[in-house]
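Morning, everyone. Please take a look at the model on the screen, and then I'll walk you through a few parts.

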Number of protein chains: 2
Amino acid sequence: MGVTLKELAASLGLSPTTVSRALNGYPEVNIKTRQRVADAARAANYHPNTRAKSLATGQSRAVGHVIPISTSHEIVNPIFADFIAGAGEAYSRAGYDMVLSVVPDAEEEAAYRNLVARGTVDGLMVHGPRLHDDRIGLLHDLGLPFMVHGRSSGVNTPYSWLDINNRRSFRRATEFLLDLGHTRIALVNGLEGMDFAMRRRTGYLDALEAAGIAPDRALMRTAEMTEPYGHQAGRELLRLPDPPTAMLASSMIVAYGLRRALTEVGLQPGRDVSVITHDDDLSYMPNGLDVPQFTATCSSVRDAGRKAAEMLLALVNDPDLGPINHLMETRLVLGDSTGRNRL
Amino acid sequence: MGVTLKELAASLGLSPTTVSRALNGYPEVNIKTRQRVADAARAANYHPNTRAKSLATGQSRAVGHVIPISTSHEIVNPIFADFIAGAGEAYSRAGYDMVLSVVPDAEEEAAYRNLVARGTVDGLMVHGPRLHDDRIGLLHDLGLPFMVHGRSSGVNTPYSWLDINNRRSFRRATEFLLDLGHTRIALVNGLEGMDFAMRRRTGYLDALEAAGIAPDRALMRTAEMTEPYGHQAGRELLRLPDPPTAMLASSMIVAYGLRRALTEVGLQPGRDVSVITHDDDLSYMPNGLDVPQFTATCSSVRDAGRKAAEMLLALVNDPDLGPINHLMETRLVLGDSTGRNRL
DNA sequence: CAATCTTTCCAAACCGCTTTGGACGCGAAA
DNA sequence: TTTCGCGTCCAAAGCGGTTTGGAAAGATTG
């Protein structure tokens, strides 16, 4: 493999101690020696062995992400890739490694315990929190710093999280549709076991209630967010005796499905039926090339990943930091998919 | 953190040596002692420290995936999540960790060198190979086992890869369209710097040539695979003086865009214009709920991840294994998006 | 019964790094 | 001159495992 510290030291006629100190910026080494060491290290392409270093320091300089695969749905969250990309950027900038554990949700707890007991990581990221998520209590007990991407309603112990303001976001979107004169507004949501979906529904209901409109269960759908789901939900909604004139989608890909359902029966988004979607700003799913195709509540999940990673590293470097939170607001971008209610 | 071997040994009145051997299945330990140790280890939730173990054995029991982020496009490959999910499954089953390095493509080489020099991983996975990809030569020199997901034309040194038969797959799809009477067939491809895109184009051209049809540059598009790209490409193709009657899409999401372009001008996929797409069988992008919405060349990228990971582990465990390859055929599934040429 | 294996265990070295506790030489202060 | 402090370096003890080379006791053999 690579050169070892010992070899490097020998080639310089110095002790490993001095070389180590020179490279790690300790004061007790002559400036000329330090320079000599630095040059030699570069020339030999010396990189300290990760395992040895972390064994000696007690820190692994790595963080873990546990990705749950729902055994019932076998689905991988599409936002995962962009979140990881953002987080990975922050990690590599800080010189941290990222280790990923992909596990069926039944083995999630074991996965967390494993990573902690084996000392593989200094911190953990929790993805896809559900309502009353057990993992938070578990991680609290395990004692390693962790960040949650999202929140978990019903959990009492304080914890660190980063989330978007799902509730306000969907309230805002609903109000926007109400202002356009819509009163029959459908919500095509994600799986409601997920915390974010519940919050979105709450925001939607908030707005309806404020407007004095009674919610209609027939207008509220929930499922794993795919295009065919959006399509089917759209078709069913349009076939209702009193169909909605506006629809709220929980993701861009669901909105694609809704649009297909509309155009299939000759309806045009924005003119005949309004559609607003949440847009995670996924790199491979841009909201139009130049102008936005959908009116959307927009928030970059990549930025979220970057920020969440930075927060996690802050927690790792200062364990006394206590729970830290960050709530990101979304911005409402106007596209062609919304318009006045013409009924 | 967790219990250490030394502590466990002390609590049992045994030496660390014996405990280590008992846990690792060495023969020179009494069956009763072994049992006693196993019980105690389970009771104490003992897991050997990753770093110490790998330092002692010289193996990290981890593999690295370097994910390049194109600095020009800033795009994360959408198939990445499912591939990782498949690979991760194989790794955790084998007791290996997966470490991810997300880096701008300019720093890719440094990332590989780093992982190797620091001894962080025992093997590497290469994603998104381009034509004449430098990384293969680099990894060859670095001497660590590696697998390429895809291939790289123009590379002479032998290497291990897993790929789908892109060429035959697109030749087959094109022939299918030719059999339906289509002669003006468009190819809406991915970025042609990518090896897979080049192969698909070749398969497409093979079929045209065999049918005695001269390729038309106006019918061949290439870009990053997004829905808006598919939409735009579809619009432009339909506006040609002599528009295509069939289209080949490089991914499901591009096909969504094509379909939008068709329906926008009142054309129906399958009846008026035929569309075939490649389908990576992404979990969040199913090809219809019950019946396939698109005729597609289908191959699960998740299975590919699983298989590629298994191959990489085989290489890690037997360095003399030499280059191993696996070529997966796609299956053509029939959907509603194709039909006879009615012109 | 002595000699020779086996079985079962342990002490100690080692993996590659960090870090503690000096050692040594030199200039400044007493 | 002696003492002290400082700058610069090093030897050695870890970190938590694995592994080599015995050692002691019991079983087997001639």
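Start in chain B, where Ala246(B) has Ser274(B) in β9(B) as its bridge partner. That belongs to a parallel pairing of β8 (residues 246-249) with β9 (residues 274-279), over four bridges. Pairing here needs at least two DSSP bridges between two strands; strands are DSSP runs of E, at least two residues, and helices are runs of H or I, at least four, numbered from the N terminus.

Before going on: this is a predicted model, where local features need pLDDT of at least 70, side-chain atom pairs count only at pLDDT 80 or more, and totals for chains, interfaces and linings use all residues. Residues are numbered from 1 along each chain as written, chains are lettered from A and ligands numbered from 1 in written order, and side-chain values use heavy atoms, without hydrogens and water.

Now the whole sheet. Six strands of chain B form an open, mixed sheet, in the order β7-β6-β8-β9-β10-β12. β7 and β12 stand at the edges with a single partner strand each, so one side of each has no neighbour in the sheet.

Next, salt bridges: a side-chain nitrogen of Lys or Arg within 4 Å of a carboxyl oxygen of Asp or Glu. Asp82(A) and Arg302(A) form one, at 3.8 Å, N to O. Asp82(A) lies in helix α5 and Arg302(A) in helix α12, so the pair ties together parts 220 residues apart in sequence.

Buried or exposed, Asp82(A)? Buried, at 0% relative accessibility. Arg302(A) is buried too, at 7%. The cut-offs: buried is under 20% relative accessible area, exposed over 50%, partly exposed in between, with a 1.4 Å probe and protein chains only.
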